[in-house]
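Hello,

Here is the structure I said I would pass on. My notes on it follow below.

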Amino acid sequence: MSDATITLEVTRYRPGHDREPHPQSFEVPFQKDWVVLDALNHIKDRIDGTLSYRWSCRMGVCGSCGMMVNGVPKLTCAAFLRDYRPGPIRVEPLANFPVIRDLVIALDDFMEKLRRVKPWIIRAEEKPVSEGEYRQTPAQLETYKQFSMCINCMLCYAACPVYGLAPAFVGPAAIALAYRYNLDSRDEGYRLREPVMSDAVGVWECTFVGECSVVCPKGVDPAAAIQRSKLAGATDWLLSMVMPWGGRR
Amino acid sequence: MATRKTSEPFWWLLFAAGGMVAALLVPVHLLVNGLAVPLGWTSISHARMLALAGHPLVKLYLFVLIALPLYHWAHRFRFVLEDLGLHGWRTPIAILCYGGAVAGTVATLWVLWGI
C-alpha cells in the first residue's frame, strides 16, 4: 500500500466549550477499501480520541452512521474514500437535526414521529395463539416489502428541504413505514394512522421534491409512499364530502 | 397531538386532475393549434374552429382543458416558492397562487360564455 493520505474536514462541536460547530482537518491514510467510517475510526483511535459519532454494524444495516459527506446524506459505512479522491472530504452531522456533539445529532424528534404513526401490525381483534399464525401470500408480501427495508437512518430527513423548513412535518421515513403497515394484508390499523397521515403536517406538507427517495441507502421510495397516501387521503376526503354520513373506504 | 383540518386534499385533487390534463391533452393542442395549423400542415379555417368552439360540449372540453392546468400550476408554483425559503409567507402565497387560478377560471368561463 502506498503512503498516500486524504484529508477529512470533520465538524467539531463540544457543548460548553465551542460557541458553534466548526470544521477540523485530519489527514488519514488513504486505503482503497476504506470507507469514511473507517477514516473516522482511525481518527478516534490514533489522532483524537475526543471525536464523537454514532456507528455500530458498519455494514449498512443498523442505520446509525448517517452523516453529511460533502453535503450529501450518506451512511458513512458505505461511502468509500476512493469515490471522493483527491479530497478533502467534508464530514458533517446530518442536516436538519439539532447537534448534540461533533457528529452526533438528537434523534428525539424522529423517534417521537415514528411512534406517532404506529409502525406495527394492528388488529381489531387478536386471534389466540392456538389458532396459528397470520398467513400471507408472496404477492401480499411483495406489495409492502420495499417499504419494510427502512433502517431508520434518517438520511431522508436530512435530504428533505420541507423538513428543514417545517420541522413539524411527519417526514419521509415515518410516512413510508406507516404506509408499509397500511399495505400489510395482516394489518387493520389504517383508521388509527389516518389522523396522523391526513394532518396538515402529515402527507400534505410534502412538496414532492423527491430527494428522500434519491438518498435512501436501502432502495425505499418514501416519495411514492407519500404520493400514494395523498391519493388515499384525497379519496377519503372526497367520499366524506359526497357522503357526509360516513362515506369511508 | 390534535389533528388539524386542512383544505389540502381539495387543492391536491385539482392539482392532480390538472396534471393529467396538462400531460395528456395540452401537448395535443400544442401540436395541432400551435404548429400544425399555423405552419399549414393542415387547414382548418378560423370560422370553422369558432363554430366548433360554440358547441356546448366543446365549450365544456375547453373549460377543462384551460382551467384545470391552472390549478396544477398554482399548486406547484406555491410549493416552489415555499421550498425556495418563503415558508413564512405560506398564506399570502397560497392566496396569490390559488387566487390566480380561480381568476383564470372565471376569465375562461367569461370568454367561453361569449363565444
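The side chains of Arg78(B) and Glu8(B) form a salt bridge, 2.7 Å from N to O, in what is a predicted model. Arg78(B) belongs to helix α4 (residues 56–83) of chain B and Glu8(B) to helix α1 (residues 8–24) of chain B, so the pair ties together parts that are 70 residues apart in sequence. Both Arg78(B) and Glu8(B) are buried. Through shared partners, salt bridges link Glu205(A), Glu8(B), Arg78(B), Glu82(B) and Arg90(B) into one network.

Over all chains, the whole structure has 17 salt bridges. One of them joins Glu194(A) to Arg191(A), again at 2.7 Å from N to O. These two residues are three apart in helix α7 (residues 190–197) of chain A, which means about one helical turn separates them. Glu194(A) is buried at 14% relative accessible area, while Arg191(A) is partly exposed at 28%.

On the nonpolar side, the largest core has 63 residues, and Leu8(A), Val10(A), Leu40(A), Leu81(A) and Val91(A) have the most contacts inside it. At least three of its residues come from each of domain 1 (5–105) and domain 2 (108–242) of chain A. Another core, of 16 residues, lies apart from it and includes Leu14(B) and Ala74(B).

Regards

Terms used. Residues numbered from 1 in each chain as written. Chains lettered and ligands numbered in written order. Predicted model: local features only at pLDDT ≥ 70, side-chain atom pairs only at ≥ 80, totals over all residues. Heavy atoms only, no water. Core = buried A, V, L, I, M, F, W, Y, C linked by side-chain atoms within 4.5 Å. Buried < 20%, exposed > 50% of the residue type's maximum accessible area, 1.4 Å probe, protein only. Domains from an automatic or database assignment. Salt bridge = Lys/Arg side-chain N within 4 Å of Asp/Glu carboxyl O. Helix = DSSP H or I, 4+ residues; strand = E, 2+ residues; numbered from the N terminus.
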